[in-house]
Amino acid sequence: MKIIQLIVNRVFVSSILLISMLFFILPAFGIADGINVTFYLYFYGFPFRWVAIASKTESKSNFMNTFLGNDGVSIQLLNLIGSFLLIFLLVSIIFFLVKKLYRRKKEEI
C-alpha cells in the first residue's frame, strides 16, 4: 500500500508541474500562412511543446486571452505523454535524493 501511495504522490506532483509549466514557460511563436488569412501559432508546454493554439490576431497577449480568443487548439498526445514521463522521471529522482538525504541526516543524529 505504501508503494502505491508513493506512485500516486509522484504522479500527482508530475501532473501539477506539467499543467503549471503552461503558465510559467513562455510559448514558442510561429506564423502559418493560410489561403485567405494568416494564423499566428502559439506552442505551449515543457519540455516538449504539446499545446498549439491558432489565432488570427497578432497581438501577443497573456495566456488566458490566447486561450479564450483563439481559432483553434490542438493537443499533440505523444508530446504530452513524453513531457509527462520526463517530468515524472525527474520528480522520481528528486524524491529519491531527498529521501536519501533525509535518511542520512536521521542517521547522523
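Pro 47 lies in the loop between strand 2 and strand 3, in a predicted model whose local features need pLDDT of at least 70, whose side-chain atom pairs count only at pLDDT 80 or more, and whose totals for chains, interfaces and linings use all residues. Residues are numbered from 1 along each chain as its sequence is written, and side-chain values use heavy atoms, with hydrogens and water left out. Helices (H or I, at least four residues) and strands (E, at least two) are DSSP runs numbered from the N terminus. A cis peptide bond, with omega of about 0 degrees, joins Phe 46 and Pro 47.

**Hairpin of strands 2 and 3**

- Strand 2 and strand 3 form a hairpin with six residues between them.
- In the turn, Gly 45 has a positive phi of about 120 degrees.
- Strand 2 (residues 38–44) and strand 3 (residues 51–55) run antiparallel and are joined by five bridges; two strands pair if DSSP finds at least two bridges between them.
- Tyr 44 stands opposite Val 51 in strand 3, and Phe 43 stands opposite Ala 52 in strand 3.

- Four strands make an open sheet in the order 1-2-3-4, with antiparallel pairing.
- Strand 1 (28–33) and strand 4 (72–75) are the edge strands, each pairing on one side only.
- Neighbouring strands of this sheet are turned by 25 degrees against each other on average, direction ignored; axes are lines fitted to C-alpha atoms, for helices over the stretch in contact, and angles run from 0 to 180 degrees between N-to-C directions.
- Strand 1 and strand 2 run antiparallel and are joined by six bridges.
- Asp 33 stands opposite Thr 38 in strand 2.

**Ala 52**

- Ala 52 is in strand 3.
- Ala 52 counts as buried because its relative accessible area is 10%; buried means under 20%, exposed over 50%, and partly exposed in between (1.4 Å probe, protein chains only).
- Leaving out residues up to four places away in sequence, Ala 52 touches Tyr 42, Phe 43, Gly 72, Val 73, Ser 74 and Gln 76, where contact means heavy atoms within 4.5 Å.
- Pro 27 is 25 residues from Ala 52 in sequence and 9.4 Å from it in space, C-alpha to C-alpha.

- A nonpolar patch on the surface is formed by Phe 48, Leu 86, Leu 89, Leu 90, Ile 93, Phe 96 and Leu 97, with about 650 Å² of accessible area together.
- Patches are made of residues with over 30% relative accessible area and no salt bridge, with like charges joined within 9 Å and nonpolar side chains (Val, Leu, Ile, Met, Phe, Trp, Tyr) within 5 Å.
- A salt bridge is a side-chain nitrogen of Lys or Arg within 4 Å of a carboxyl oxygen of Asp or Glu.
- Ile 93 is found in helix 3 (residues 77–108) and is partly exposed, at 43% relative accessibility.

**Whole chain**

- The protein chain has three helices and four strands, in the pattern α-β-β-β-α-β-α along the sequence.
- Buried residues make up 22% of its 109 residues.
- Among contacts between residues at least 6 apart in sequence, 42% join residues at least 24 apart.
- The accessible surface of the protein chain comes to about 8,100 Å², of which 70% belongs to carbon and sulfur atoms; areas come from the Shrake-Rupley method with a 1.4 Å probe, and for residues only the protein chains shown count as cover.
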